[in-house]
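This briefing is for a reader meeting the structure for the first time. Please look over the sequence and the structure shown here before reading on.

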Amino acid sequence: MTKYTIKDFRAQYPSDTVCLDKIFQLRYGKLTHCPECAEETTFKRISTRRSYQCRKCYTQFYPTAGTVFEKTRTPLSDWFFIIYMFTTTRNGVSAKEIERALGVTYKCAFRMGHKIRELISGIDPEMLKGFVEFDEAYSGGIMKNKSNAERKEARELAEGQKQRIGRNSDGKTPIFAMVERMGRVRAYVMPKIRKEAVYKLIKDNVDRTAIVSTDESRLYDNLNKQLGFEHGQVNHSASEYKKGIFCTNTVEGFFSQVKRTIKGTHISVSEKYLQSYVNECAFRYNNRGTGGAMFGIVLDQIKHVGE
Ligand SMILES: [Zn+2]
């Protein structure tokens, strides 16, 4: 896998104009005819705005309209650079790092990070299949803005799942993940782990023919009966990590990556933004092994604006 180095990046996107050209091309393809007047034409770059003008009818096109770059005064080359950083780091880029790298305010840096996460949160419609592993993990820990009843419920939920290798879920936000062995992941932040909600996610994301592994949590008791999966459980509380074809190492590997990203890079993450960080981890996980192509894969998402 060839690497996409900072040198390659700088050579490819040396200026704002080149970045805008790239966005124009991603949004409109190689335009030979004007979308407005339908004449065969070429387009003139308007240097004072982020726009291109049809040489026949003078209509202006703004390729950043509707994209994450629409309302930004930050140079496009800075945006591209941060996207480059996003795709070349293992555990992501914090707002603090963006702030330092670009010399912008923390607020601006924070917003940029989230806009880029917005860009990569695209849904892959294809169902997961083959060997698929399910598991839950918990993030956060402060029970802010929660009623006593909710605290009590969370505590009871945690106690009910005590067999889950003592993972402390009290007051934390659950994330449910489904991962193909050697394949793709889907992960969802949930207000609570509820069987019906979890089973709905499974139904919507996993092909019926999948062979499913989970741990011994009672949450998964009816996967076979209710959803028809071939299903095996490993008993973690009895230090069992593999039972024939069944094991949950893949999904646990994904969760350790989420943990490294959230704890290692972002330090703390509010519940409100947790899904977008989880999406970032899922994106990086799903595109691992693409090497230098990941930057282009992120940029390509611009094509899907308005879909
Ligand atoms: Zn025209």
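The model is predicted. Its chain has 307 residues, of which 30% count as buried, and its secondary structure comes to eleven helices and ten strands.

**Overall make-up and confidence**

- Taking contacts between residues at least 6 apart in sequence, 60% join residues at least 24 apart.
- The average pLDDT of the chain is 87, and 88% of the residues score at least 70.
- Over residues 141-147 the pLDDT stays under 50, and the model has six contacts beyond four places in sequence for them.
- Residues 161-169 also stay under 50 in pLDDT, with 15 contacts beyond four places in sequence.
- Where pLDDT is low, the predicted coordinates should not be read in detail.

**The largest nonpolar core**

- The largest nonpolar core holds 56 residues, and those touching the most other members are Ile82, Ile83, Ile116, Ala177 and Met178.
- Helix H3 (residues 76-88) gives the most to this core, contributing seven residues.
- Domain 1 (6-119) and domain 2 (131-279) each supply at least three residues to this core.
- In soluble globular proteins, nonpolar side chains tend to be buried together.
- Beyond its neighbours within four places in sequence, methionine 178 is in contact with Leu128, Val132, Phe134, Arg186, Ile202, Asn205 and Val206.

**Helix H5**

- Helix H5 (residues 106-119) has 14 residues and reaches 20 Å from its first C-alpha to its last, close to the 20 Å expected at 1.5 Å a residue.
- Its buried residues are Ala109, Met112, Gly113, Ile116, Arg117 and Leu119.
- The buried residues of H5 line one face of the helix, because they fall within an arc of 155 degrees when seen down its axis.
- The cover over these buried residues includes H3, helix H4 (95-102), helix H10 (271-286) and helix H11 (294-300).

**Helix H10**

- H10 has 16 residues, and its span from first C-alpha to last is 23 Å, close to the 22 Å expected at 1.5 Å a residue.
- Buried residues in H10 are Tyr277, Val278, Asn279, Glu280, Cys281, Ala282, Phe283 and Arg284.
- These buried residues pack against H5, S5, S6 and helix H9 (249-266).

**Helix H2**

- The 13 residues of helix H2 (residues 16-28) should span 18 Å at 1.5 Å a residue, which agrees with the 18 Å between its end C-alpha atoms.
- Cys19, Leu20, Ile23 and Phe24 are buried in H2.
- Seen down the axis of H2, its buried residues lie within an arc of 140 degrees, so they line one face of the helix.
- The buried residues of H2 pack against S2 and H3.
- Glycine 29 follows H2 and has a positive phi, near 70 degrees.

**Glycine 183**

- Glycine 183 sits in the loop between strand S5 (173-180) and strand S6 (185-189).
- Glycine 183 counts as partly exposed because it has 14 C-beta neighbours inside 10 Å.
- Glycine 183 and asparagine 287 are 104 residues apart along the chain, and their C-alpha atoms are separated by 9.6 Å.

How values were computed:
Residues are numbered from 1 along each chain as its sequence is written. This is a predicted model: local features need pLDDT of at least 70, side-chain atom pairs count only at pLDDT 80 or more; totals for chains, interfaces and linings use all residues. Helices (H or I, at least four residues) and strands (E, at least two) are DSSP runs, numbered from the N terminus. A residue is buried if 20 or more other C-beta atoms lie within 10 Å of its own, exposed if 12 or fewer, and partly exposed in between; C-beta atoms are placed from the backbone. A nonpolar core is a set of buried Ala, Val, Leu, Ile, Met, Phe, Trp, Tyr and Cys residues joined through C-beta atoms within 7 Å. Domain bounds come from an automatic or database domain assignment. Two residues are in contact if their C-beta atoms, placed from the backbone, lie within 7 Å. pLDDT is the predictor's confidence in each residue, from 0 to 100. The expected span of a helix is 1.5 Å times one less than its number of residues. The arc is that of the directions from the helix axis to the C-beta atoms.
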